[in-house]
Amino acid sequence: MTLAIELDDLTLGYDRHPAVHHLSGRIAQGTLTAVIGPNGAGKSTLLKGIVGALPPLGGTLRFVGCDRRDIAYLPQTAEIDRSFPVTVWDFVAMGLWRRVGAFGGIGRGAAGPIATALETVGLEGFETRPIGTLSGGQMQRTLFARLLVQDTAVILLDEPFNAVDGRTVEDLLVLVERWHAEGRTVVAVLHDHAMVRRVFPDALLIAREPVAWGATGTVVTPDNLSLARRMIEAFDAGAPVCARDAA
């Protein structure tokens, strides 16, 4: 069965206030999709809803041919506690927990994939470094190495290139394109429209509600981007959840 994530009039939010609402569409297997929109548009909220961190306030989110165990999620760097005393090796090894369970041990067989992942992202020799000593680019490479060992069918990336040096961005984009070539489904929250046009075939533009979703060339247009900005400026952050027929 071809896997997909289907959204039907999906509304997500906090304390009954919608952050994303009336979103319908399908994220199909093997697609490479950028989620874009102004600040406060609900981009990160959407990823948290897909990964299960936020239950829907309305509508439905359905998995076809997969479930949340097939998803790897990279949160924003600001959400990671880098003061926690863990080495690069152990942090990457945490990506194996779905396979070994919460109380399972990581055996010798896991050493190979972890070492390969670190080499792939250019961090060989960093195994014993505490994550708190890493630069922003090195930390992001570490996060991508953890995604590599998770080896999932669906990968969600929340602002993966924010405050990261240019060389790291280009190195990690190679990985994103590799995942796409392997038939994995990748969804990334991004702000760089030039990058979206260059790398991502599909795009979803939201401004608390959908503006456009489809081929990047038809979504990332001056008119659509201007409309999204106006929609955010007019949005009532205190509004309650609304019904479909009242939207």
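Mentor: The expected span of a helix is 1.5 Å times one less than its number of residues. Keep that in mind for helix 5. This is a predicted model.

Trainee: OK. What should helix 5 span, and how far apart are its end C-alpha atoms?

Mentor: Helix 5 covers residues 136-150, which is 15 residues, so at 1.5 Å a residue it should span 21 Å. Its end C-alpha atoms are 21 Å apart, in agreement with that.

Trainee: Which other residues have a positive phi, then?

Mentor: A163 is one of them, with phi near 55°. R208 is another, at about 75°, although it is not a glycine.

Trainee: Where are those two?

Mentor: A163 is in the loop between strand 6 (154-158) and helix 6. R208 is in the loop between strand 8 (202-206) and strand 9 (210-215).

Trainee: Is A163 buried or exposed?

Mentor: A163 is exposed, because its relative accessible area is 71% and the cut-off for exposed is over 50%.

Trainee: Back to helix 5. At what angle does it pack with helix 6?

Mentor: Helix 5 and helix 6 (residues 166-181) pack at an angle of about 15°, and their axes are 10 Å apart. Helix 5 is therefore roughly parallel to helix 6, since angles under 35 degrees count that way. The crossing of helix 5 past helix 6 is left-handed.

Trainee: Which residues meet there?

Mentor: From helix 5 they are G137, Q140, R141, F144, L147 and L148. From helix 6 they are R167, T168, D171, L172, L175, V176, R178 and W179.

Trainee: Take R141. Buried or exposed?

Mentor: R141, in helix 5, counts as buried because its relative accessibility is 11%. The cut-off for buried is under 20%.

Trainee: What is R141 in contact with?

Mentor: Leaving aside neighbours within four places in sequence, R141 is in contact with V121, G122, L123, R167, T168, D171 and L172.

Trainee: How does helix 4 cross helix 5?

Mentor: The axes of helix 4 (residues 111-120) and helix 5 come within 9 Å and cross at roughly 140°. The two helices are therefore oblique to each other. The contact is made by P113, I114, A117, L118 and T120 of helix 4, and by A145, L148 and V149 of helix 5. Helix 4 passes helix 5 in a right-handed crossing.

Trainee: What about T133, where is that?

Mentor: T133 is in the loop between helix 4 and helix 5. T133 counts as partly exposed because its relative accessibility is 43%. The side chains of T133 and R129 are joined by a polar contact of 3.2 Å. T133 and S83 are 50 residues apart along the chain, and their C-alpha atoms are separated by 9.2 Å.

Trainee: Switching to T216. Where does it sit?

Mentor: T216 is in helix 8 (residues 216-219). T216 is buried, with a relative accessible area of 6%.

Trainee: What does the side chain of T216 reach?

Mentor: The T216 side chain reaches the backbone oxygen of F200 at 2.5 Å. Not counting residues up to four places away in sequence, T216 touches V196, R197, F200, P201, D202 and A203.

Trainee: And T45, buried or exposed?

Mentor: T45 lies in helix 1 (residues 43-51) and counts as buried, at 7% relative accessibility. Beyond its neighbours within four places in sequence, T45 is in contact with L12, Y14, A19, V20 and L54. T45 and G13 are 32 residues apart in sequence, and 7.4 Å apart from C-alpha to C-alpha.

Trainee: Last thing, the whole chain. How many helices and strands?

Mentor: The protein chain has nine helices and nine strands. Of its 247 residues, 49% are buried. Among contacts with a separation of 6 or more, 71% are between residues 24 or more positions apart.

Technical notes
Residues are numbered from 1 along each chain as its sequence is written. This is a predicted model: local features need pLDDT of at least 70, side-chain atom pairs count only at pLDDT 80 or more; totals for chains, interfaces and linings use all residues. Side-chain values use heavy atoms; hydrogens and water are left out. Helices (H or I, at least four residues) and strands (E, at least two) are DSSP runs, numbered from the N terminus. Buried means under 20% relative accessible area, exposed over 50%, partly exposed in between (1.4 Å probe, protein chains only). A polar contact is a pair of N or O atoms within 3.5 Å; within protein, one must be able to donate a hydrogen and the other to accept it, and residues adjacent in sequence count only if both atoms are side-chain atoms. Contact means heavy atoms within 4.5 Å. Axes are lines fitted to C-alpha atoms, for helices over the stretch in contact, and angles run from 0 to 180 degrees between N-to-C directions. Angles under 35 degrees count as roughly parallel, over 145 as roughly antiparallel, 65 to 115 as roughly perpendicular and the rest as oblique. A crossing is left-handed if the near helix is turned anticlockwise from the far one by less than a right angle, and right-handed if clockwise.
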